[in-house]
Amino acid sequence: MHLPPSKYPFFYRKMPQYGFKRGFCVVFATRPYEIKVSISVFRMFLMSRAPKNPTTGNPGNPYVEDTILLEKQVEQVKAPSMYKVLLLNDDYTPMEFVVMVIQEYFNKDHETATRIMLQVHLVGKGVCGIFTRDVAATKVHQVIELSREAGHPLQCTMEEA
């Protein structure tokens, strides 16, 4: 027989998760809030008595759980790959434009920019800086875009350092 808790002054319910297969009377109460409080207190009591999961607990005594201590593993963070940004020589781009590009996009002073420009002119390529992949790709794109807008065939590439 099932008696709904809202009409009768006691709680009657089946609770198979705690080992009770049949209904039972728990609390005699006259007000609805007393029923709610009593139910929650009784559930806490039942949960404390509920058998533990035998796969994680002690099989001899399911009320006592074994503690497993895991060692903390330190994560090794790998340094990002670095890439060299190179300017390539051509016979049409003015030297002053190459110096201006190196100063503007690679934050070099005039003397260093001139030295890199001469290395590009004499050797055929020059290293403007070493950056992570995303930063290097952005700088290559910016240099090529500026040289195309100015009408110069200046080439800029990147390679792994």
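Buried means under 20% relative accessible area, exposed over 50%, and partly exposed in between (1.4 Å probe, protein chains only). By that cut-off, 27% of the 161 residues in the chain are buried. This is a predicted model, where local features need pLDDT of at least 70, side-chain atom pairs count only at pLDDT 80 or more, and totals for chains, interfaces and linings use all residues. Residues are numbered from 1 along each chain as its sequence is written, and side-chain values use heavy atoms, without hydrogens and water.

**Whole chain.** Color by secondary structure.

**Select 133-150.** This is helix H4, with 18 residues. First C-alpha to last spans 26 Å, close to the 26 Å expected at 1.5 Å a residue (1.5 Å times one less than the number of residues).

**Show its buried side chains.** Pick Ala-136, Lys-139, Val-140, Val-143, Leu-146 and Ser-147. Seen down the axis of H4, these buried residues fall within an arc of 140 degrees, so they line one face (the arc uses directions from the helix axis to the C-beta atoms).

The buried residues of H4 pack against strand S3 (82-88), helix H2 (95-106), strand S4 (125-132) and strand S5 (155-160).

Asp-134, His-141 and Glu-149 are exposed on the face turned away from the buried side.

**Step to Gly-151.** Just after H4, Gly-151 has a positive phi of about 85 degrees.

**End at Met-82.** Met-82 lies in strand S3. Its relative accessible area is 35%, so Met-82 is partly exposed.

Methods
Helix = DSSP H or I, 4+ residues; strand = E, 2+ residues; numbered from the N terminus. Contact = heavy atoms within 4.5 Å.
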